[in-house]
Every structure is written in C-alpha cells, then in structure tokens.
Amino acid sequence: MAPSSSARARLIAILSGRSPMPDWSGKWALLLLTLVVGLAVGVIMAFTNNALPGFRDTDDAMRLEMVRELLAGRGWYDQLVTRVDPPHGLWMHWSRLLDGGLAAMMVFFRQLMSQADAEYWTRFSWPLMWVFPGVAAALALARNLGGRAAVAIACVLLVSDTVLYRQFYPGRIDHHDVQIVMTLIAMACATARAERARWAWVGGAAASLGLAVGLEALPMQALVGASYGLALMRDRDEAAPAGAYGSALAAGTVAFFLIQTPPWRWSLSFCDALALNLVVALVVAGLGLALAAALARRVAGGVRVALIAGVSVVAAAVYLGLDPQCIHGPFVGVDPGVKQFWLDRIQEVQPIPAMLRRSRTAAIEALQMGVLALASAVYLLVRQGRRPSTSALLVMLATGLAVWVAWFAWRMQDYVWWVGIPTLAAAYSLLARRWLRDLLVPTVVAAAILSPAAISQVVSPIANAALAPTAKAPRQSPHRAAPAPRPQAVPGPTINTGRPPKAVPANLARLAAISRPIDRSPRCFAAAIYAPLAALPPGLVLAIQDFGPFILVYTHDTVVAAPYHRLWPAILQVHQTFASPPPIAEVDVRRLGADYIVDCPPYLTPASPGSLGGELRDGRVPPWLKPVSAPHATLKIYKVLPPG
C-alpha cells in the first residue's frame with residue numbers, strides 16, 4: 001500500500017502543479033529526451049512538410065543527380081558534372097562526403113526494394129536522421145547555459161517551433177542541415193561544464209566536418225575556436241580542452257580534405273570550398289592552439305595572450321595570402337552584372353527588408369526570433385556580473401553574429417533559430433527558478449505560452465497589419481519591360497573553374513533592369529511536366545538556369561546552365577539569349593549547339609518586347625523553332641530546326 005500511496009501522491013502533486021522539476025541533465029535522460037523529441041518532430045515533418053516525391057529546391061535535385069552518377073560508376077574524386085554546359089562541364093564545389101553518405105544509404109535500401117523506392121526512402125530518411133543529433137546538441141547547449149528546467153523547456157520549444165526544421169524536411173538532401181548540426185555540436189562541446197577535454201575532441205571533429213561540408217558557418221565556427229583560445233587566456237587550467245580541440249580540428253580538417261579532394265586539386269586554393277588555403281589556415285590555428293595549451297603552465301598569462309593572438313593573425317594571413325581574393329567572400333569571381341540579375345535575387349541571400357516585401361510573415365517571425373535570442377543572450381551575460389563565463393560570451397557573440405549576418409542573408413536565419421532556441425530555454429529556466437520555483441507543470445505551461453510559435457500568433461497579425469502599406473506591389477509581366485539593346489562583349493573577371501573564360505557583356509545594368517525576382521512556382525518543378533521532354537530524343541536544352549537540375553533528374557538531356565555560381569558565364573549566356581531579338585538569339589543558340597529551348601510560363605524569365613523570351617511568351621514562335629509540346633502544356637518545348 002505504501003508504494004501505491006506514494007505514486008498517487010506524486011501524481012497528485014504533478015497535476016496540482018506542486019511537483020518540482022525533475023533533473024534531466026544526465027546523459028541518459030538527455031538521450032531519452034532526444035529520441036522522444038526527434039521522433040515527435042519526425043512525425044510532424046512527415047505529415048506536414050513533406051516535399052516528396054518531388055523537389056522544392058534545385059540543390060536537392062542536383063544532389064540526387066550527383067549521387068546517381070556516383071552509383072553509376074563515376075569516380076569518387078570525379079565531381080565533374082558533364083551533363084551541364086558541355087563540353088566544359090561543371091566541377092561542383094560541394095562536399096563528396098554527403099554524396100557518399102547518401103549513396104551508402106541508397107545502396108542499403110536497394111537490398112530491400114526497387115531503385116525508385118530506394119531513392120524515395122533515402123530522400124525521406126536522410127534529413128530526418130540529422131534531426132536527432134541537432135536536438136541532442138540543442139538540449140546539451142540549453143543544459144550547459146541554464147538552470148534545472150532548461151532541458152525541459154528546450155524540449156517544449158524544439159517540438160513547438162517547427163520553423164527550426166525547414167532544412168530537415170523529408171526530401172531535403174542539401175548540405176545546410178549537416179552544417180547547422182555540426183555548428184551546434186561544436187557550441188555544445190565548447191560550453192560543456194564537465195569532462196571538457198573529452199568533449200573538446202568531439203567539438204573539434206564536428207567543426208572540421210562542418211567546414212568540409214560547406215563554409216556557410218565558417219564565422220560561427222571561428223567564434224567557437226576563439227572561445228577555446230579565450231578560455232586558455234583567462235585560465236591555464238583550460239589547457240587540456242584547448243589542446244584537444246586544436247588537435248582534433250587540425251587532424252579532422254586534413255583527413256576530410258584528403259578524403260573528399262582529388263590529389264590533383266590538393267595544391268589549389270578556392271574561396272567557396274575547403275581547399276589548400278583554408279586547410280593550411282585551420283591546421284595553423286589548430287596546432288597553434290595546441291602548442292599554446294602545451295606551454296600554458298610554463299609561461300605567464302601575458303605570453304599566453306600574445307601566443308594565441310599571434311596564432312590567430314598567422315592563420316588569417318595564411319588564408320588570405322594563398323588567395324587574397326577570398327577577403328571578398330565565396331562569390332568573388334562572379335561577374336557583378338550576373339550578381340545583379342541572378343545571384344543577388346536568390347532567396348537565400350535576400351536581406352530582411354527584401355523578405356518583408358516578398359514573404360512578410362516569415363520575415364516577421366525571423367525578426368521576432370532575433371529579438372528573443374538577443375534578449376536571452378544579453379540576460380545570460382549580464383546576470384553573471386563583471387566577469388562572465390566564456391560560455392556566456394560565446395553564446396552572446398554567436399547570437400549577435402547570427403542575427404547580424406541573417407539580416408543580410410536569409411539562409412542564415414536557420415542559425416538564429418538553432419542558436420536562439422537553446423539560449424532562450426536557458427534564459428527561461430533561470431526566470432522559472434526565480435518566479436516559478438522550478439515547478440514542473442507551471443514551467444512547462446509557461447514555456448509553451450512564451451514559445452516563439454505562440455508569441456508569433458500574437459505578434460504576426462499585428463505586425464502584418466502595421467506593415468500592410470509596404471506590401472509588395474503586383475509585379476509587371478516580365479516581358480513588358482523596356483527593350484534592352486544587345487550589349488557589346490568585353491572581358492570580365494573569371495572564377496577558377498578549370499574552364500576557359502567567356503566574353504561578358506558590358507551593359508549588364510540594362511539586363512538586370514528587365515529581369516524580375518524568381519517566382520518559385522511548384523508547377524515548374526513537378527516531375528510530370530518533364531515527361532514530354534524525356535520522351536523526345538536526348539539533346540542539349542537551353543533553359544533558365546533553375547530548370548537545369550530538374551531536367552537532369554527527370555530526363556536524359558544535357559543543359560546549358562544550372563543555378564551555381566561557378567557556371568556564371570553559362571548563366572549569363574542563357575540570360576542574354578532570352579533577352580535578345582530572335583535573329584540574334586538564333587546565332588547564339590546554334591553556336592551553343594542547343595537542340596531544344598524550354599520555357600515554363602509560370603516562371604519569370606528575362607525578356608522584353610521583341611526579345612526571344614517575349615516573343616515566345618506572346619505565342620509568336622520564330623521560324624527556326626518548332627513547338628513540340630502540347631498547346632496547353634505547362635512546360636513549353638521548342639525544337640531547334642536545322643539551318644535554312
């Protein structure tokens with residue numbers, strides 16, 4: 001009777017709100033909660049945000065094409081996509097590591113089902129698999145920063161705020177999810193309270209893997225590395241974690257570089273991928289930090305500071321010394337005019353003011369999350385007094401950096417959310433300790449009420465109403481803009497792609513003026529509309545760059561262009577062809593050797609009255625083209641006829 005009475009008393013205490021918050025900070029509790037939250041999120045995503053069997057993004061289609069080619073026998077070190085921009089091809093700057101992971105999963109599923117089903121379930125499972133380490137790192141970071149209730153509050157926020165998972169929905173096989181997870185793991189390890197040296201090894205390995213996959217989180221990873229250096233400056237007892245992180249970072253960077261990079265490219269430097277310049281810089285930084293850690297107990301504090309600062313300067317100097325252009329970012333080689341009419345109009349790089357016009361509700365939610373994250377980080381920092389912990393400083397700087405960068409580039413909003421949610425949970429936990437005495441039910445209820453998702457239900461309608469006068473005006477038809485004269489070709493800057501440079505038009509401002517932001521109509525991404533093209537004899541297709549990956553996946557054709565910055569000369573050529581009068585466009589089309597021209601009228605194209613794009617949209621087909629698609633087909637296909 002006693003055990004039954006005790007259980008009944010605990011249940012009554014929980015239901016009445018008098019039960020204290022359990023201690024869920026242990027590793028087994030954290031593992032169990034990770035599984036519960038991850039499974040809950042997986043179910044939600046599978047039923048509410050599933051892109052399958054199609055694609056919502058060009059990069060997912062291109063990744064699938066690269067995995068297919070790898071499984072079909074293309075060499076591990078051969079990342080030349082020959083079906084794009086023949087005869088040059090496209091050497092992708094993406095990491096081969098993800099291709100290998102996806103291919104391995106696909107091979108596993110192929111033992112159990114057909115090739116088509118294996119592709120489907122690989123694309124379904126891969127992004128959801130990364131939810132679990134992301135959730136684990138978020139819970140660990142909240143635990144490291146907050147009080148007893150931080151983990152429970154983080155669970156509530158991670159389940160309720162599904163905006164977090166926009167890079168993790170089924171079908172999303174791009175590289176953003178892995179980079180986000182590796183950044184969060186590195187931060188969680190850097191803020192660990194116990195066994196710091198062991199977790200530093202994990203953090204260094206995660207940082208090196210994340211940077212091998214992509215460089216979008218490089219500034220965030222730099223802050224994580226700097227936090228180990230700062231901790232060592234402040235306390236020589238931090239030598240073991242600093243040495244472990246530095247060694248793991250250097251070793252992991254070299255290992256991943258050698259695994260994914262062809263030997264003939266080991267001596268080349270690039271600004272958009274892990275290459276010689278960044279490898280040497282990271283090795284210098286990692287081994288320099290390890291050396292400073294080894295000497296920490298033998299030298300004075302001032303010498304430690306000078307040594308760590310010197311290592312940072314040398315690492316940066318090495319990176320820029322091997323390729324000085326990288327100071328301008330990963331797109332330094334892209335012609336400025338191409339940036340105007342294409343790259344600067346991609347949603348990923350849109351600033352918040354532009355997103356307020358294009359997708360106001362999403363932008364309002366992003367601003368709200370930025371404010372909550374910054375306020376939480378400031379609270380965690382200020383409450384520690386004049387000498388805040390290195391962890392609090394790291395989270396403050398990382399949050400501020402994420403919010404600042406995300407103001408100018410929309411894709412970085414994911415980092416605001418993933419860093420912001422654990423930070424917010426930590427801040428809420430400290431407030432719950434003070435005002436709710438760490439009671440279980442009141443704390444969980446308060447967390448749900450004050451979650452970003454709940455707050456957004458109140459803030460978004462008010463902000464939408466206030467910003468209504470600034471709503472985006474209806475766009476003019478893309479082929480009703482003022483005509484643009486044929487620009488003269490002049491030499492332009494090049495990017496090191498292993499292909500010869502092409503001539504670049506001088507008067508690109510006019511071309512930029514007649515293009516419009518992309519309307520990402522799902523109709524133009526659907527598999528069914530490409531079936532008529534797939535039924536035709538294979539050939540070279542000239543189409544707007546965003547159609548390129550879908551043509552590769554759904555047909556056996558090759559394409560002139562695809563939406564990747566290393567292909568900017570081809571993108572420029574396609575843009576120029578559609579914007580030129582039909583007689584001049586014909587010369588370009590025949591010089592390129594195109595067999596088909598493809599258009600999808602729901603999708604906006606660069607065109608003006610009298611241009612090829614404008615004429616096709618108005619139903620006036622030049623005599624050197626023959627329509628081969630049905631009159632009312634979504635995808636318009638035109639066969640290029642022989643000369644004469």
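In α8, M182, T183, A186, M187, C189 and A190 meet M220, Q221, V224, S227 and Y228 of α10; contact means heavy atoms within 4.5 Å. By class, that contact holds 8 nonpolar residues, 3 polar and no charged. Ala, Val, Leu, Ile, Met, Phe, Trp, Tyr, Cys and Pro count as nonpolar, Asp, Glu, Lys and Arg as charged, and the others, Gly among them, as polar.

Some ground rules. This is a predicted model, where local features need pLDDT of at least 70 and side-chain atom pairs count only at pLDDT 80 or more, while totals for chains, interfaces and linings use all residues. Residues are numbered from 1 along each chain as its sequence is written, and side-chain values use heavy atoms, leaving out hydrogens and water.

Now the geometry. Helix α8 spans residues 176-190, and helix α10 spans residues 218-234. Their axes lie 10 Å apart, at an angle of about 15°. Axes are lines fitted to C-alpha atoms, for helices over the stretch in contact, and angles run from 0 to 180 degrees between N-to-C directions. α8 and α10 are therefore roughly parallel. Under 35 degrees counts as roughly parallel, over 145 as roughly antiparallel, 65 to 115 as roughly perpendicular, the rest as oblique.

Next, α8 with α9. Their axes come within 8 Å and cross at roughly 160°. That makes α8 roughly antiparallel to α9. This crossing is left-handed. On the α8 side, the contact includes V178, Q179 and I185; on the α9 side, W199, V202 and L209 are among the residues. The classes come to 11 nonpolar, 3 polar and 1 charged.

In the loop between α8 and α9 sits E195. E195 has a positive phi of about 50°, although it is not a glycine.

The crossing of α9 and α11 is right-handed. Among the contacting residues are A200, W201, G203 and G204 of α9, and A244, Y245, A248 and F256 of α11. Here the count is 14 nonpolar, 7 polar and 1 charged.

On to backbone details. Most residues other than glycine have a negative phi, and most peptide bonds are trans. D438 has a positive phi of about 55° and is not a glycine. D438 lies in the loop between α18 (413-435) and α19 (440-449). Is D438 buried or exposed? Buried, at a relative accessible area of 11%; buried means under 20%, exposed over 50%, partly exposed in between, with a 1.4 Å probe and protein chains only.

The P86 to P87 peptide bond is cis, with omega near 5°. P87 is in the loop between β1 (80-81) and β2 (90-91).

One more residue. A453 is in helix α20, residues 452-467. A453 counts as partly exposed, at 25% relative accessibility. Beyond residues up to four places away in sequence, A453 touches S160 and D161.

Finally, the whole chain. It has 26 helices and 9 strands; these are DSSP runs, H or I of at least four residues for helices and E of at least two for strands, numbered from the N terminus. Of the 644 residues, 55% are buried.

Conventions
Left-handed = near helix turned anticlockwise from the far one by under 90°.
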